[in-house]
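Here's a quick briefing on a protein for your first structure class. Keep the picture open while you read, and click on residues as they come up.

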Amino acid sequence: MKGLLLRWLILTLAILAASYLIEGISASGFAAAFFAAATLGILNALLRPILLLLTLPLNILTLGLFTFVINALLLMMVSGVISGFYVRGFGSALLGSLIISLVSWLLSSFINDQGRVEVIALRQRSNGRWE
C-alpha cells in the first residue's frame, strides 16, 4: 500500500513537471495534479489495456510509439473530468504524455513494491566481472 501511495505522488510530480514544462498543460495547484494523477491511474488501470489490445497491430507497426498517442488520449480524458487541470490540444497532450511517462518511469524505477527506495550497486571484481 505504501508503494502505491508513493507511486501516486510520483505521478503527481510528473504531472506538475509537465504543466511546468509545456505551455498547453496547466494544473491550478497540487490538489488538481493530485486528483488528475488519481484519475489517470484509474484510467491507466482500466482503459489502457483494452486500448492497447485494440490497437495492437498499429502499436507493433510503430514499434510501440503509438502507446504515447494512447497516453495522450487518456491525458485529454483526465483534463475533461478534473477541474483545475487543463490540456489544450492534442500536441500538448502528446508532449505531456511523453514527459509524464519519462518522469514516472525514472522515479518509479527506484521504488519497490513495498514503497522502499531500492538502488542496485554494482562493483567490479578483480577479474573484471561485475557483481
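In helix α2, the buried residues are A32, A33, A36, A37, T39, L40 and L43. Buried means under 20% relative accessible area, exposed means over 50%, and partly exposed is in between, using a 1.4 Å probe and protein chains only. This is a predicted model, where local features need pLDDT of at least 70, side-chain atom pairs count only at pLDDT 80 or more, and totals for chains, interfaces and linings use all residues. Residues are numbered from 1 along each chain as its sequence is written, and side-chain values use heavy atoms, with hydrogens and water left out.

- Helices (H or I, at least four residues) and strands (E, at least two) are DSSP runs, numbered from the N terminus.
- Helix α2 covers residues 30-46, and its 17 residues should span 24 Å at 1.5 Å a residue, which agrees with end C-alpha atoms that are 24 Å apart. The expected span is 1.5 Å times one less than the number of residues.

- T39 sits in α2 and counts as buried because its relative accessibility is 19%.
- The side chain of T39 reaches the backbone oxygen of F35 at 2.8 Å.
- Setting aside neighbours within four places in sequence, T39 is in contact (heavy atoms within 4.5 Å) with V78 and I82.
- L40 is also part of α2, and it is buried, with a relative accessible area of 5%.
- Not counting residues up to four places away in sequence, L40 touches L11, I15, L74, L75 and V78.
- How far apart in space are L40 and M77, C-alpha to C-alpha? The gap is 8.6 Å, although they are 37 residues apart in sequence.

**Helix α5 and its partners**

- Helix α5 (residues 66-81) has 16 residues and reaches 23 Å from its first C-alpha to its last, close to the 22 Å expected at 1.5 Å a residue.
- Its buried residues are F66, T67, I70, N71, A72, L74, L75, V78 and S79.
- Which elements do the buried residues of α5 pack against? They pack against β1 (25-27), α2, α3 (48-54), α4 (56-61), β2 (85-87) and α6 (90-108).

**Two loop residues**

- T55 lies in the loop between α3 and α4, and it is buried, with a relative accessible area of 19%.
- Leaving out neighbours within four places in sequence, T55 is in contact with F66 and I70.
- L63 lies in the loop between α4 and α5. Buried or exposed? L63 is exposed, with a relative accessible area of 78%.
- Phi of L63 is near 60 degrees, which is a positive value in a residue other than glycine.

**Zooming out**

- The protein has six helices and two strands, and along the sequence they follow the pattern α-β-α-α-α-α-β-α.
- The C-alpha atoms fill a box of roughly 55 × 35 × 30 Å, taken along the principal axes.
- Of the 131 residues in the protein, 34% are buried.
- Take the contacts between residues at least 6 apart in sequence: 58% of them join residues at least 24 apart.

Technical notes
A polar contact is a pair of N or O atoms within 3.5 Å; within protein, one must be able to donate a hydrogen and the other to accept it, and residues adjacent in sequence count only if both atoms are side-chain atoms.
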